[in-house]
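Here is a short report for a reader meeting this structure for the first time. Please look at the model before reading on.

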Amino acid sequence: MTGPKLEQRIEPEEELALPNVLTTRLDLALNWFRKSSVWYLLFATACCGIELMQTGGPRTDLDRFGAVFRSSPRQSDLLIVAGTITYKMADRVRLIYNQMPQPKYVIAMGSCANCGGLFTPSYSVVNGVDKIIPVDFYLPGCPPRPEALNEALIKVQEKIQGEPWFKKIKVAR
Amino acid sequence: MRQIADWIILNLFGVADAGSWPYSWLVYLGMMVFAAVLAITFVAIFAGPVTWVERRVAGRIMSRLGPNRVGPQGFLQWLADGLKNLLKEDLIPDAADRPLFRLAPHLVWMGMFGAFVVLPFGAHLVAADLNVGLLYILAITSLVVLGLLMAGWASNSKWALYGGIRSTAQLVSYEIPTAFSLMVIVILAGTLSTQEIVRAQGGWPWDWFVFRNPFTFLAFFLLMTSSLAEGNRVPFDLPEAESELVAGYNIEYSGMRFLFFLFAEWANLWIMAAIGTFCFLGGWQIPGVSPDAIDALLARSHGWSWSWVGLQALSFAIFAIKASWLVFVVIQIRWTLPRLRVDQLMIACWKYLVPMTLVCILGVLAMALLIPQGGVLDYLIRGLMMVVGGALVALFLWRARVNYMLARDSYRKMEGRELWFPPYRLV
């Protein structure tokens, strides 16, 4: 998680920092399955949503990577924040994020979700979704092309593949 | 399974009269556990890959590819989905009714799995040949309604509750056309036992109940339609309507608990196809081999009989091919038709399906009275119905070919080279 203002940071415990052959192999296998089934939430607040829909369509078919959409946050792993987040919507975005079960990942899609974009001076727009929730990947563009979102999904998969699943983690508050 | 258990008692322990032997219940218990493990394994192995098949078929219909990254052609996609859901956080909302919330997926799963007890997979491959088999299937699958309503209620979410209530209304309504169209079979076969229903038919298509007369032909389609509605499949998937109810009764479920609902849905796909197969399409009947001959083979052989094993395997293969074909058609229906409205759903059930099934019952009764079985007129009607059925299959294949030709032409126009699909992607 690489957001600038995080409420909680996740660090590996120090005594388990040395790689163990068995757990590393198991990690690789489990992560390979885990990354092949990233279900994303149907969530779009602005024009980036059109590109999000397009990404599930024929040309850049997210289903190839095992990524299907779920309409309920309880069943999804990936939150793609597609579009402008207003202050009114900010509460809902955070609620949706909290409703998703761990492990969960967030892509901030488009300039508006990254930093407010075109609407930065506006009185009602959150200047970047990372002010509300932790973000894994920032996807530039206004709006980004479906190919770019596809690339972001592959980046999420790379991140999942590198995660230590068996290593104990402690949450520093 | 009873026959196989008796065979084991006779050949392993040398006891001819299993009924009076004091330890025969141990063998029966062992066979029960074995059958249960076998059935659960079968469900798991069926329900997993069929999700991949469904997503590939969906991809073909939407001119996408579908999952093709995990394993050869993405075949291991079901393992990925299952493992990921196992590793997810087990999340129960604070406001949910915890005991009911935990119980609901189990009820749904039990209701679906209970039906596997009487499904005849082969000549002697049935867990228990109950003499009220069809009634048992209709009764045990009612547990699903309870589970879905419980899931909707315990989630403490308005969308989940709407989904649960909708599915209850739908499942209870569509029980009636299902039961009525199965009545047609009960009238023809004169029994409720699933094995006896298969034995009342024959191996060749003209002995199947579906081609017996026009009314059974109609009843087959009515049964498949109402089973679709009972399984919450598109075009009757109102409890899960995304545009209205987010995700329906399973909206608050995550991880493995959610997977139980999915599992039950896929298992139900097999049950639906199996009921259609053994009631109308001749079940496991091998063309040219009478069921009595297989019985005699088991009774005669003291010791291992390879011909009996071979015939069992063959009968299972025939049953599996017929049922898988029905599953395939149901999957294609799912990705072809749009969803019905709630009032349309109820109208379709009470105004059309129920009267039509009643007409089917009356028609079958009249045909049984007027036309003598095995007569020239009887075989004439069967032949006519086979022509109609064959025409439908031919239409299916022809449409598949037309779609393939269209795709080939547009590919050649766009890319300037010939298109090649592997044969499994043609349909």
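A salt bridge is a side-chain nitrogen of Lys or Arg within 4 Å of a carboxyl oxygen of Asp or Glu. Asp77(A) and Lys88(B) form one through their side chains, at 2.6 Å from N to O.

## Basis of the report

This is a predicted model, in which local features need pLDDT of at least 70, side-chain atom pairs count only at pLDDT 80 or more, and totals for chains, interfaces and linings use all residues. Residues are numbered from 1 along each chain as its sequence is written, chains are lettered from A and ligands numbered from 1 in the order in which they are written, and side-chain values use heavy atoms, with hydrogens and water left out.

## Chain A

Chain A has five helices and seven strands. Helices (H or I, at least four residues) and strands (E, at least two) are DSSP runs, numbered from the N terminus. Along the sequence the pattern is β-α-β-α-β-β-α-β-α-β-α-β.

Chain A has 173 residues, and 47% of them are buried. Buried means under 20% relative accessible area, exposed over 50%, and partly exposed in between (1.4 Å probe, protein chains only). Contact means heavy atoms within 4.5 Å. Of the contacts in chain A with a separation of 6 or more, 83% join residues 24 or more positions apart.

## Where the chains meet

The size of an interface is often given as the accessible area lost when the parts come together. Here, chain A and chain B bury about 2700 Å² between them. Buried area is the accessible area (1.4 Å probe) that two parts lose on being put together, summed over both. Carbon and sulfur atoms give 59% of the area. In chain A, the residues that lose the most area to chain B are Phe33(A), Arg64(A) and Arg74(A), together 24% of what that side buries. Contacts link 31 residues of chain A with 33 residues of chain B.

The rule finds six salt bridges across this interface. It also finds 19 residue pairs in polar contact, both residues at pLDDT 80 or more. A polar contact is a pair of N or O atoms within 3.5 Å; within protein, one must be able to donate a hydrogen and the other to accept it, and residues adjacent in sequence count only if both atoms are side-chain atoms. On the side of chain A that touches chain B, α1 (21-35) and β3 (69-70) are the elements that give two or more residues. α1(A) gives the most, with four residues.

## Nonpolar cores

A nonpolar core is a set of buried Ala, Val, Leu, Ile, Met, Phe, Trp, Tyr and Cys residues joined through side-chain atoms within 4.5 Å. The largest has 106 residues. Phe116(B), Leu119(B), Trp270(B), Phe278(B) and Phe280(B) have the most contacts inside this core. Helix α11 (residues 255-280) of chain B gives the most to it, with 15 residues. A second, separate core has 19 residues, including Val38(A), Ile107(A), Leu153(A) and Val156(A).

## Two residues of chain B

Is Asn250(B) buried or exposed? Asn250(B) counts as buried because its relative accessibility is 4%. The residue is in the loop between α10 (242-245) and α11 of chain B. Beyond its neighbours within four places in sequence, Asn250(B) contacts Gln75(A), Phe258(B) and Phe261(B).

Phe215(B) is in helix α9 (residues 214-230) of chain B. Its relative accessible area is 25%, so Phe215(B) is partly exposed. Not counting residues up to four places away in sequence, Phe215(B) touches Val359(B), Cys360(B), Gly363(B), Val364(B) and Met367(B).
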